[in-house]
Amino acid sequence: MIRNVRSHDAKDICGIYNYYIKNTVITFEEDEIDTKEIETRVAFIIKKYPWLVFEDKGKIKGYAYASGWKSRPAYRYSVESTVYVDIDHTGKGIGIKLLEALIEALKNRGFHRVMGGIALPNDASIALHEKFGFLKCAHFSEVGFKFGKWIDVGYWQKIL
């Protein structure tokens, strides 16, 4: 079931996200975060943007949200998307369902453009975005540094 995030989801979200912090370059955060930090982030995001979760049997298996693309007023119709799936549930279509629901929620809120930033290489995330018609629009070489190596970031965009 996909639904809007609730405050009690923070613990599950924290567990999902901390795995990616500790073990991957998918996020450029380097230190694990706590539930309180997730609660703060959720409260900030949902003031203006959707934050959705995929729940199965009372447990969050993935989440997706949008955030502002840039802070200047002229960017107000453009957003950046984020999707994370519990590592034990990847490859089961959860990311597809979440991104589809997020795109629909963004359309319903009147947003015009959505961008997805992807640490490279990441074939699964590229395939997910391109499945929904996102097109690659940028490639930044060696802009992140984590686990002792330089990481490229690509951006994909879609008009809603």
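## Basis of the description

The model is predicted, so local features need pLDDT of at least 70 and side-chain atom pairs count only at pLDDT 80 or more, while totals for chains, interfaces and linings use all residues. Residues are numbered from 1 along each chain as its sequence is written, and side-chain values use heavy atoms, with hydrogens and water left out.

Helices (H or I, at least four residues) and strands (E, at least two) are DSSP runs, numbered from the N terminus. A residue is called buried under 20% relative accessible area, exposed over 50%, and partly exposed in between (1.4 Å probe, protein chains only).

## The nonpolar core

A nonpolar core is a set of buried Ala, Val, Leu, Ile, Met, Phe, Trp, Tyr and Cys residues joined through side-chain atoms within 4.5 Å. The largest such core has 40 residues, of which Ile13, Trp51 and Tyr63 touch the most other members. At least two residues each are supplied by helix H1 (10-23), helix H2 (35-45), strand S2 (51-56), strand S3 (59-68), S4, H3, S5 and H4. The greatest contribution, 7 residues, comes from H1. In soluble globular proteins, nonpolar side chains tend to be buried together.

Contact means heavy atoms within 4.5 Å. Leaving aside residues up to four places away in sequence, Trp51 touches a set of residues including Ile13, Val42, Ile45 and Tyr63.

## Helix H2

Helix H2 has the buried residues Ile38, Val42 and Ile45. Seen down the axis of H2, these residues fall within an arc of 70 degrees, so they line one face of the helix; the arc is that of the directions from the helix axis to the C-beta atoms. H1, S2 and S3 are among the elements that cover the buried residues. The face turned away from the buried side carries Lys36 and Phe44, which are exposed.

## Helix H4

Which residues of helix H4 (residues 123-131) are buried? They are Ser125, Ile126, Leu128 and His129. Viewed down the axis of H4, they fall within an arc of 160 degrees, so they line one face of the helix. Their cover includes strand S4 (78-85), helix H3 (94-108), strand S5 (113-120) and strand S7 (149-159). Asp123, Ala124 and Lys131, on the other side of H4, are exposed.

The loop between S5 and H4 contains Pro121. A cis peptide bond, with omega of about 5 degrees, joins Leu120 and Pro121. After H4 comes Gly133, whose phi is positive, near 90 degrees.

## Strands S6 and S7

Two strands pair if DSSP finds at least two bridges between them. S6 and S7 pair in the antiparallel sense over 8 bridges, and Ala138 has Tyr155 in S7 as its bridge partner. The hairpin of S6 and S7 has 2 residues between the strands, and Phe147 takes a positive phi near 55 degrees in this hairpin.

Strand S6 (residues 135-146) also contains Glu142, which has a positive phi of about 50 degrees although it is not a glycine.

## Lys57 and the cysteines

Lys57 is found in the loop between S2 and S3. Lys57 is not a glycine, yet its phi is positive, at about 55 degrees. Its relative accessibility is 81%, and Lys57 therefore counts as exposed.

A disulfide is a pair of cysteine sulfur atoms within 2.5 Å, and a search of the whole structure finds 0 disulfides. Cys14 counts as buried because its relative accessibility is 7%, whereas Cys137, at 40%, counts as partly exposed.
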